[in-house]
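Q: I am new to this structure and would like to learn how to read its features one at a time. Could you take me through them?

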Amino acid sequence: MNIPQHVAIILDGNGRWAKQHGMPRNYGHTQGAKNVEIICREAWNLGIKYLTVYAFSTENWARPRDEVNALMRLLRSYMKNCIKTAEKNHMRVRVIGDISKLDLDIQESIHRLEDFSKEQDGLNFQIAINYGSRDEMLRGMKKMLTDFKDGMFTLEELSEEKFESYLDTRDIPSPDLLIRTSGELRLSNYLLWQLAYSELYFTDVPWPDFTKEELVKAVEDYNKRDRRYGGIKEA
């Protein structure tokens, strides 16, 4: 089986899963966070080298204050625990998104985690926090224009590769496969530049119920695609 090098996932359905189980939405987010560690391990065992998950979008600030505060508490706890997880599973962890909008203690935890794990040689694990693809591209363009004005490159040197070097995902290969859980059929402002040639896989399974078996199903479906022409292979 051909294993995609880089898989991106939109972790959707935590709140709905909790409601189905008669629990508050925050319980769903907690269970979803626990499942991230499981899928990281299963992805690496399957042969996936890069895994990028959409944890908190720029639009998520519009959610009810109590839910946002609960998500921030969960994020604080996760960042601290992730150091142990990174060491145990030999993961290199990077955060993409505008972390300047996060509380200082969370920013410091992110920097410690990234610095601690930078020499790990296992799964490359990217977490999108306060991330939106349009915001990423605008931030990148502002920095790029500043460098252009400072004479750091010429107009003739501007290329796709140059632009990509200003994105949060620089030095990370574009995803081969995008998975979105819980039945929604949209990209939700996630990795719009990077997903230009990715295969898309949608499942009705909510994220807390997304297992190794579901990941294998997605990879098997990926193997049915004709990557040369972006179509579906003939039977």
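Q: Where is Leu158 found?

A: Bear in mind that this is a predicted model. Leu158 is found in the loop between α5 (133–149) and α6 (160–164).

Q: Is Leu158 buried, partly exposed or exposed?

A: A residue is called buried under 20% relative accessible area and exposed over 50%, with partly exposed in between. Leu158 has 39% relative accessibility and therefore counts as partly exposed.

Q: Which residues form a nonpolar patch on the surface together with Leu158?

A: Leu158 forms the patch with Phe148 and Leu155, and together these residues have about 280 Å² of accessible area.

Q: How should I read a nonpolar core, and which residues touch the most other members of the largest one?

A: The general idea is that, in soluble globular proteins, nonpolar side chains tend to be buried together. In this structure the largest nonpolar core has 40 residues, and those touching the most other members are Ile9, Leu51, Phe125, Ile127 and Ile179. Helix α3 (residues 65–89) supplies the largest share of this core, with 8 residues. Apart from it lies another core, of 10 residues, which includes Ile10 and Tyr131.

Q: What does Ile9 touch, leaving out residues up to four places away in sequence?

A: With that limit, the contacts of Ile9 include Leu51, Thr52, Ile179 and Trp207. Thr52 lies in strand β2 (residues 50–57), and Thr52 is buried because its relative accessible area is 2%, under the 20% cut-off. Leaving out residues up to four places away in sequence, Thr52 also touches His6, Ile96 and Gln126, among others.

Q: How many salt bridges does the structure hold, and which residue pairs with Arg76?

A: A salt bridge is read from how close a side-chain nitrogen of Lys or Arg comes to a carboxyl oxygen of Asp or Glu, the cut-off being within 4 Å. The structure holds 17 of them, and in one the closest N and O atoms of Arg76 and Asp103 are 2.7 Å apart. Arg76 lies in helix α3 and Asp103 in the loop between β3 (92–96) and α4 (104–117), so this pair ties together parts that are 27 residues apart in sequence.

Q: What separates Lys217 and Glu214 in helix α7?

A: These two residues meet through their side chains in a salt bridge of 3.4 Å, N to O. Because Lys217 and Glu214 are 3 residues apart in helix α7 (residues 212–223), about one helical turn separates them. Lys217 counts as partly exposed, at 43% relative accessibility, whereas Glu214 counts as buried, at 13%. Elsewhere, salt bridges that share partners join Asp12, Arg16, Arg180, Glu184 and Arg186 into one network.

How values were computed:
Residues numbered from 1 in each chain as written. Predicted model: local features only at pLDDT ≥ 70, side-chain atom pairs only at ≥ 80, totals over all residues. Heavy atoms only, no water. Patch = residues over 30% accessible without salt bridge, like charges linked within 9 Å, V, L, I, M, F, W, Y side chains within 5 Å. Areas by Shrake-Rupley, 256 points an atom, 1.4 Å probe, with all protein chains shown as cover. Helix = DSSP H or I, 4+ residues; strand = E, 2+ residues; numbered from the N terminus. Buried < 20%, exposed > 50% of the residue type's maximum accessible area, 1.4 Å probe, protein only. Core = buried A, V, L, I, M, F, W, Y, C linked by side-chain atoms within 4.5 Å. Contact = heavy atoms within 4.5 Å.
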